[in-house]
Amino acid sequence: RQRQMCIRDSYEAARRIDASFPNIDFLRAKVLVELEENERAVVLLDAFLTDEPGHADGHLVRARAKVALGRIDDGVEDYSRAIALFERPAPRHYVERARALVDAGRLDEALLGLRQAVADLGPLASLIELAVAEEEKRERYEEALRWADQLSPTLRHSPRWRAIAGNLAERAGQAASAAHEFREGLAAIEALPPARQGTEAMTALRTELADRLETRVASPPAELSSELTIGTVGRGLVLGALLVAACLLIVRWTRGGF
């Protein structure tokens, strides 16, 4: 923070010496946002962007300042303007806009923005991960799985994403898919070089996958248990009918009915 304050003071001194210094107000505003002096930053950027409306970074920094001040609509508008102005917007620009909307309780808008991001940049992990996490919070597990399935095969079939997909499938009531994902996750770990298999994170993931798979085997899915119960009842009814028929035949025989 002390370094940022020194930079701010240097920019202000430079402006006093030469107010025509290129982008000086933008640079001052950028440091002010880092120092959480957002009101001052917005004032500077309002004036700067009046003269430089096509400055993508200016809109991006003002978006951050406005969101920090709780001005979500204005901030989202600036994010969208910045994304449109950048020749190659970065994934983090879309993610920042989506997080601002999520924090404001506007999840549907956030997801719509992430769909735009995937269309513009492709199914990058940072975009998909945020969408999956937010869908999961709303218990929309099948939607979360659809987001995950957009990942490139290399990433989607990695041990970590197999585990994520298995957990989502289990919560969605897709028992067979969950077991498949857990098994494939274990197989993906076994296919890794020994050095990677032995890392702490991968060892923990292997244990988690094995435990989840063992739990599924030990506790059959509810639908399977129902089938077994129905089958058992059906067999019981057949045996009962046979016993009744046998008893009737014995009675008739003892009475000389044959």
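Is Arg156 buried or exposed, and what is its relative accessibility? The legends below take up this residue along with several others.

**About the model.** This is a predicted model, in which local features need pLDDT of at least 70 and side-chain atom pairs count only at pLDDT 80 or more, while totals for chains, interfaces and linings use all residues. Residues are numbered from 1 along each chain as its sequence is written, and side-chain values use heavy atoms, with hydrogens and water left out.

**View 1. The whole protein chain, built with helices.** Welcome to the overview: the protein chain has 15 helices and 0 strands. Helices (H or I, at least four residues) and strands (E, at least two) are DSSP runs, numbered from the N terminus. Of the 258 residues in the chain, 36% are buried. Here buried means under 20% relative accessible area, exposed means over 50%, and partly exposed lies in between (1.4 Å probe, protein chains only). The chain exposes about 15,300 Å², with carbon and sulfur atoms supplying 56% of it; these areas come from the Shrake-Rupley method with a 1.4 Å probe, and for residues only the protein chains shown count as cover. Taking contacts (heavy atoms within 4.5 Å) between residues at least 6 apart in sequence, 49% join residues at least 24 apart.

**View 2. Arg156 in helix 10.** Here is the reply to the opening question: Arg156 counts as buried, at 8% relative accessibility. Arg156 belongs to helix 10, which covers residues 153–156. The side chains of Arg156 and Asp149 are joined by a polar contact of 3.0 Å. A polar contact is a pair of N or O atoms within 3.5 Å; within protein, one must be able to donate a hydrogen and the other to accept it, and residues adjacent in sequence count only if both atoms are side-chain atoms. Setting aside neighbours within four places in sequence, Arg156 is in contact with Ala148, Asp149, Leu151, Trp161, Arg162, Ala165 and Glu181.

**View 3. Arg28 in helix 2.** Another arginine to look at is Arg28, placed in helix 2 (residues 24–34). Arg28 is buried, with a relative accessible area of 12%. Its side chain makes a polar contact of 3.0 Å with the side chain of Asp25.

View 4. Helix 5 (residues 72–85) has 14 residues and reaches 20 Å from its first C-alpha to its last, close to the 20 Å expected at 1.5 Å a residue; the expected span is 1.5 Å times one less than the number of residues. Its buried residues are Ile72, Gly75, Val76, Asp78, Tyr79, Ala82 and Ile83. Seen down the axis of helix 5, these buried residues fall within an arc of 160°, so they line one face of the helix. The arc is that of the directions from the helix axis to the C-beta atoms. Turned away from this buried side is the face with the exposed residues Asp73, Glu77 and Ala84. Cover for the buried residues of helix 5 includes helix 4 (56–68), helix 6 (91–103) and helix 7 (107–121).

**View 5. The largest nonpolar core.** A nonpolar core is a set of buried Ala, Val, Leu, Ile, Met, Phe, Trp, Tyr and Cys residues joined through side-chain atoms within 4.5 Å. The largest has 39 residues, of which Leu114, Leu127, Ile128, Val132, Trp147 and Leu209 touch the most other members. Helix 7 gives the most to this core, with 6 residues. Leaving aside neighbours within four places in sequence, Leu114 is in contact with Ala98, Leu127, Leu130, Ala131 and Trp147. Apart from this core lies another, of 12 residues, among them Val33, Val42, Phe48 and Ala65.

**View 6. Helix 9 and its cover.** In helix 9, the buried residues are Tyr141, Ala144, Leu145, Trp147 and Ala148. Seen down the axis of helix 9, they fall within an arc of 155°, so they line one face of the helix. Among the elements covering them are helix 7, helix 8 and helix 11.

**View 7. Two loop residues with positive phi.** Most residues other than glycine have a negative phi. Glu36 has a positive phi of about 65° although it is not a glycine; Glu36 sits in the loop between helix 2 and helix 3 (38–51) and is exposed, with a relative accessible area of 66%. Phi of Glu139 is also positive, near 60°. Glu139 lies in the loop between helix 8 (125–137) and helix 9 (141–148), and is exposed at a relative accessible area of 59%.
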